[in-house]
Structures are given as C-alpha cells and as structure tokens.
Amino acid sequence: MADERSLSRRKFIGYAWVGAAAVVIGELIAGTLAFLWPKKKGSRGEQILIAGKAGDFKAGEVRYFRKERVYVQRLEEGFIAFSAVCTHLRCIVNWNEVKKTFECPCHGAKFNRKGEVLEGPPPRPLDLLKLQVVEEKLVVDFKTPVERKKFEPSQILKG
Ligand code: FES
C-alpha cells in the first residue's frame with residue numbers, strides 16, 4: 001500500500017515537472033514568435049499623428065500634442081512640425097503665446113517659431129518631423145525626428 005502511494009506520488013511529481021516544462025517551453029515559443037512576427041495592424045499607425053484638417057488651422061496657430069510631444073504650427077509660409085524635446089538635455093519645451101517662443105524649463109533655452117535656438121545651451125534647432133497632407137489632414141511622422149543645423153525654407157510644407 002505504501003509502495004502504491006509512493007509510486008503515485010512519484011508519478012504526480014513527474015507529471016508536475018512535465019507540465020511545468022511544457023508551460024516554460026510554450027512561453028518561450030510564444031515569446032519568440034511574438035518577437036519575430038511582423039506587426040500588421042498599427043505598426044505604422046503608432047508612429048503617425050493626425051494633427052487635424054489643414055484647413056482648420058488658423059494663421060499663426062500652434063498645436064501641441066502632449067502624448068507624442070509634437071508641435072504643429074501654421075506659419076505664414078505654410079506648416080511646420082517639430083519635436084518638443086529640447087536638443088540640450090531632452091526636457092520638454094513649452095510654447096509661450098505672449099513672447100511667441102518655445103521655452104525650455106530646464107536651462108532657460110529659447111527657440112523661435114521655426115525651432116531655431118535664440119538663447120541657451122542647445123546645440124541645434126528642435127528636431128524636424130516629416131509632415132504631409134493626406135486627404136486634407138496633416139499627418140506627422142513623429143517617430144523619425146530629423147536633426148538639423150538650421151532652419152531652411154524647404155522645411156516648411158506649403159499650404
Ligand atoms: S534641456 Fe533644454 S536647455 Fe537644457
């Protein structure tokens with residue numbers, strides 16, 4: 001009787017080990033597949049911001065998209081989008097509506113409306129973001145910021 005009980009206990013422990021190993025192997029396979037499998041839905045959408053209808057932007061309007069850390073503006077010449085991340089030590093710059101400047105709270109940098117450094121330690125303008133109009137809407141690619149040395153008219157999307 002004791003041997004039967006002992007055997008069943010051994011079998012139980014053996015099954016438990018096999019079960020645990022199957023769970024671990026299954027998780028490894030699922031994790032590997034999830035890592036290797038290309039994301040079909042949303043992979044592009046996650047890096048694109050729809051900033052609204054181009055025609056709805058008022059002259060001089062500045063819109064901030066907090067989640068994406070993006071500024072989109074309508075200047076006299078057209079539209080421009082850039083990252084709100086300061087090019088000094090990556091603080092988030094704020095728009096000062098009165099002074100019409102972007103200001104960094106960390107070390108006092110100021111940027112003009114085109115993202116150029118007016119004062120402070122940043123080594124370059126705010127990083128430019130690709131902007132295009134798709135079906136009348138402004139679409140910003142905010143995951144691929146472009147470093148620039150200075151503002152150039154070609155950085156404006158005419159509109
Ligand atoms: S992080 Fe913006 S000025 Fe230093």
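A search of the whole structure finds one disulfide, the term being used for a pair of cysteine sulfur atoms within 2.5 Å. The model is predicted, so local features need pLDDT of at least 70 and side-chain atom pairs count only at pLDDT 80 or more, whereas totals for chains, interfaces and linings use all residues. Residues are numbered from 1 along each chain as its sequence is written, and side-chain values use heavy atoms, with hydrogens and water left out.

The disulfide joins Cys-91 to Cys-106, with an S to S distance of 1.8 Å. The pair links distant parts of the chain, 15 residues apart: Cys-91 is in the loop between β4 (78-83) and β5 (94-96), and Cys-106 is in the loop between β6 (101-103) and β7 (110-111). Strands here are DSSP runs of E with at least two residues, and helices are runs of H or I with at least four residues, both numbered from the N terminus. Because the torsion about the S-S bond of Cys-91 and Cys-106 is about -95 degrees, the disulfide is left-handed.

Relative accessible area is classed as buried under 20%, exposed over 50% and partly exposed in between, using a 1.4 Å probe and protein chains only. Cys-91, at 18%, is therefore buried, while Cys-106, at 37%, is partly exposed. Two further cysteines, Cys-86 at 3% and Cys-104 at 6%, also count as buried.

Strands of a sheet pair through backbone hydrogen bonds, either parallel or antiparallel. Two strands are taken to pair if DSSP finds at least two bridges between them; β5 and β6 pair in the antiparallel sense over three bridges. Asn-94 stands opposite Glu-103 in β6.

Another loop, between β2 (62-65) and β3 (70-74), holds Glu-68. Leaving aside residues up to four places away in sequence, Glu-68 touches Leu-49 and Phe-142, contact meaning heavy atoms within 4.5 Å. The C-alpha atoms of Glu-68 and Gln-47 are separated by 8.8 Å, the two residues being 21 residues apart along the chain.

The helical part of the account concerns Ile-13, which lies in helix α1 (residues 2-36). At 43% relative accessibility, Ile-13 is partly exposed.
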